[in-house]
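Visitor: I would like to learn how to read the features of a model like this one. Could you walk me through it?

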Amino acid sequence: MTRLATKLAAATALSLAMFAPASAAETLSVVGSWSNLPLHKQFEAPFWGETLPADSNGEIETQLTTHNQMGIGGGDVFRMLGDGVFDVGMTVADYAVGDAPELEGLDVPLLATTPAAAKAMVEAARPMVEEIYENRFNSKVLAIAPYPPQVVFCKGDLSSLSDLAGKKVRGSGRMTTKFLEALGASGVNVAFSEVPGALERGVIDCAVTGSGSGYSAGWWEVSDTLMTIPLGGWDPVVTAINLDRWNALPENLQKLIADDVAQKFEAPAWDAAAGALEGDIACLTGKGECAAGDPASMKLVEPSEADVAEARKILTEVVLPEWAERAGSDWAKRWNDSVGKTVGVAVPLN
């Protein structure tokens with residue numbers, strides 16, 4: 001009887017084990033960047049919505065939306081992420097500089113004219129960015145991906161950088177706005193989604209954004225001239241996870257997320273940046289093949305050597321010293337020792 005009871009107990013235990021529900025999956029609430037722009041459509045949505053859950057074999061599930069679909073201002077994304085309102089957030093780093101002025105050093109305008117140079121700047125700045133996000137936003141940086149270079153869309157004619165003097169211009173970040181003001185333009189704060197209406201009504205004369213972003217958002221419908229000098233840098237988009245949520249994940253899932261993000265999200269986004277400007281110019285001007293849709297017919301103005309030299313002078317003599325005052329000399333020195341060495345530019349220190 002004892003032996004029979006033991007066998008029955010073992011069989012019952014086996015049966016219960018076979019039909020017991022699997023351990024619950026980790027569900028991550030994910031808030032992406034602008035839903036209508038290529039970075040989200042081509043990289044964020046496929047990765048978080050499909051790739052990562054599939055690679056986890058059901059151990060990770062995601063609930064994906066974007067900050068504009070939620071009605072969240074860009075400047076609130078990382079603040080809310082740090083508070084644990086959602087688990088993963090991503091948006092333009094420049095949106096967060098009101099809380100962390102030292103973060104402006106990630107995206108200095110005019111220093112990178114190629115994707116390779118932009119990536120080198122980001123890699124040099126990454127240790128600083130990771131520290132900023134941990135201390136300011138209680139979060140861990142998972143990825144830093146680029147938008148296309150931030151170029152100038154203007155209503156009316158434009159022939160050189162100096163023509164921006166006296167115009168009302170929407171900058172893509174605080175440092176870009178400071179540069180525009182030093183150039184003699186009026187920097188105007190206008191949300192990305194409100195730019196077409198502001199251009200149409202004459203609230204602003206020009207606006208800075210990524211070339212592909214401007215095409216996707218229809219800025220070409222209310223502007224005439226495109227200047228390709230990278231006045232707004234590359235507007236890197238930071239992807240971060242709430243630090244408490246990250247620390248609560250099992251180590252195997254932490255490794256899976258980190259590896260997958262690096263290999264299947266961040267790297268492809270950077271690879272796509274190569275050649276993106278040329279394709280965007282074709283779409284915006286109608287000169288060349290536009291793979292993204294119907295071409296526009298904007299006038300293309302390429303910066304002269306004099307434009308570039310004047311821009312660099314303003315950057316090094318006015319813009320970067322002002323940033324050093326906002327961020328503090330310790331951060332400026334760290335920038336000089338990392339990003340500055342990479343691009344051959346130094347912030348003057350007192």
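Visitor: In which hand does α5 pass α10?

Guide: Glad you asked! A crossing is left-handed if the near helix is turned anticlockwise from the far one by less than a right angle, and right-handed if clockwise. Here α5 passes α10 in a right-handed crossing. Before we go on, this is a predicted model, where local features need pLDDT of at least 70 and side-chain atom pairs count only at pLDDT 80 or more, while totals for chains, interfaces and linings use all residues. Residues are numbered from 1 along each chain as its sequence is written, and side-chain values use heavy atoms, with hydrogens and water left out.

Visitor: At what angle do α5 and α10 pack?

Guide: Helices (H or I, at least four residues) and strands (E, at least two) are DSSP runs, numbered from the N terminus. Axes are lines fitted to C-alpha atoms, for helices over the stretch in contact, and angles run from 0 to 180 degrees between N-to-C directions. For α5 and α10 (residues 251–273) the angle is about 145°, and the axes lie 9 Å apart.

Visitor: Which residues of α5 and α10 meet?

Guide: Contact means heavy atoms within 4.5 Å. From α5 come P115, A118, K119, V122 and R126, and they meet E266, W270 and A273 of α10. Sorted by class, this contact has five nonpolar, no polar and three charged residues. The classes work like this: Ala, Val, Leu, Ile, Met, Phe, Trp, Tyr, Cys and Pro are nonpolar, Asp, Glu, Lys and Arg are charged, and the others, Gly among them, are polar.

Visitor: Where is the kink in helix α13 centred?

Guide: The bend at a residue is the angle between axes fitted to the seven residues ending there and the seven starting there. In α13 (residues 329–343) a kink of about 45° is centred on N336. N336 is also among the buried residues of α13, along with W331 and W335; buried means under 20% relative accessible area, exposed over 50%, and partly exposed in between (1.4 Å probe, protein chains only). The buried residues of α13 pack against α5 (115–137) and α12 (305–327). Just after the helix, G344 has a positive phi of about 75°.

Visitor: Why is strand β4 described as largely enclosed?

Guide: Six of the seven residues of β4 (residues 139–145) are buried, so the rest of the structure largely encloses this strand. As for partners, strands of a sheet pair through backbone hydrogen bonds, either parallel or antiparallel. Two strands count as paired if DSSP finds at least two bridges between them. β4 pairs with β10 (residues 237–242) in the antiparallel sense over six bridges, and I144 stands opposite V238 of β10.

Visitor: What is the strand order in the open sheet of six strands?

Guide: The order is β7-β6-β8-β5-β9-β11, with mixed pairing. The edge strands, each pairing on one side only, are β7 (186–188) and β11 (299–301). From one strand to the next, the twist averages 30°. For a parallel example, take β6 (residues 168–170) and β7, which pair over three bridges; the partner of K168 in β7 is S186.

Visitor: Is D235 buried or exposed?

Guide: D235 is buried, with a relative accessible area of 6%. It lies in the loop between β9 and β10, and its phi is near 45°, a positive value in a residue other than glycine. N57 also has a positive phi, near 55°, but N57 is exposed at 72% relative accessible area.
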